[in-house]
Amino acid sequence: FAPRTAFTPHPPGRARTVMHSVFWQYLSPATQERIERAIVGAGEKAAPDRPLAWLSFEPGPNLWTMALRLRLWPDGEDRELALAGR
């Protein structure tokens with residue numbers, strides 16, 4: 001997987017969302033780093049009228065929970081929205 005290193009700017013008044021589910025753990029650390037670097041780089045270019053959201057649903061703090069997380073720019077704050085378990 002070779003993510004683009006830059007996102008094309010989107011129109012003002014619209015949010016862009018990158019979303020993945022039960023995906024991250026299958027990537028090598030190097031690939032995770034490249035993807036994260038590309039998303040964070042795009043986030044650093046976000047503005048209040050052009051926010052970027054990174055939404056993920058991935059394994060949580062233990063084997064039987066999943067964490068729904070949101071990182072939202074332009075502030076870059078990372079939030080845990082929910083934990084799902086058995």
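**Note on a predicted β-α-β-β-β chain**

1. The chain exposes about 5800 Å² of surface, and carbon and sulfur atoms supply 58% of that area. Accessible areas come from the Shrake-Rupley method with a 1.4 Å probe; for residues, only the protein chains shown count as cover.

2. Some ground rules for reading what follows. This is a predicted model, in which local features need pLDDT of at least 70 and side-chain atom pairs count only at pLDDT 80 or more, while totals for chains, interfaces and linings use all residues. Residues are numbered from 1 along each chain as its sequence is written, and side-chain values use heavy atoms, with hydrogens and water left out.

3. Overall layout. Helices (H or I, at least four residues) and strands (E, at least two) are DSSP runs, numbered from the N terminus. The C-alpha atoms fill a box of roughly 40 × 25 × 15 Å along the principal axes.

4. Of the 86 residues in the chain, 29% are buried. Buried means under 20% relative accessible area, exposed over 50%, and partly exposed in between (1.4 Å probe, protein chains only). Among contacts (heavy atoms within 4.5 Å) between residues at least 6 apart in sequence, 45% join residues at least 24 apart.

5. Charges. The chain carries 11 positive and 9 negative charges, and their mean positions are 7 Å apart. Lys and Arg count as positive and Asp and Glu as negative, with His and the chain ends not counted. The place of a charge is NZ of Lys, CZ of Arg, CG of Asp or CD of Glu.

6. Strand pairing, β2 to β3. These strands run antiparallel and are joined by eight bridges; two strands pair if DSSP finds at least two bridges between them. A hairpin of five residues connects β2 to β3. Phe57 has Leu68 in β3 as its bridge partner.

7. Strand pairing, β3 to β4. Strand β3 (residues 65-73) and strand β4 (residues 77-85) are also antiparallel, with eight bridges between them. Three residues separate β3 and β4 in their hairpin, and Gly76 in the turn has a positive phi of about 75°. Leu72 has Glu77 in β4 as its bridge partner, and Arg71 stands opposite Asp78 in β4.

8. The core. The largest nonpolar core has eleven residues, among them Val18, Trp24, Trp54 and Trp73. Such a core is a set of buried Ala, Val, Leu, Ile, Met, Phe, Trp, Tyr and Cys residues joined through side-chain atoms within 4.5 Å. Helix α1 (29-44) and strand β2 (52-59) each supply at least two residues of this core, and α1 gives the most, with four.

9. Val18. This residue lies in strand β1 (residues 16-21). Val18 counts as buried because its relative accessible area is 19%. Its C-alpha atom is 14 Å from that of Arg50, which is 32 residues away along the chain.

10. Val22. This residue sits in the loop between β1 and α1. Val22 counts as partly exposed because its relative accessible area is 38%. Phi of Val22 is near 45°, a positive value in a residue other than glycine. Leaving aside neighbours within four places in sequence, Val22 is in contact with Phe57, Glu58 and Met66. The C-alpha atoms of Val22 and Ser56, 34 residues apart along the chain, are separated by 8.3 Å.
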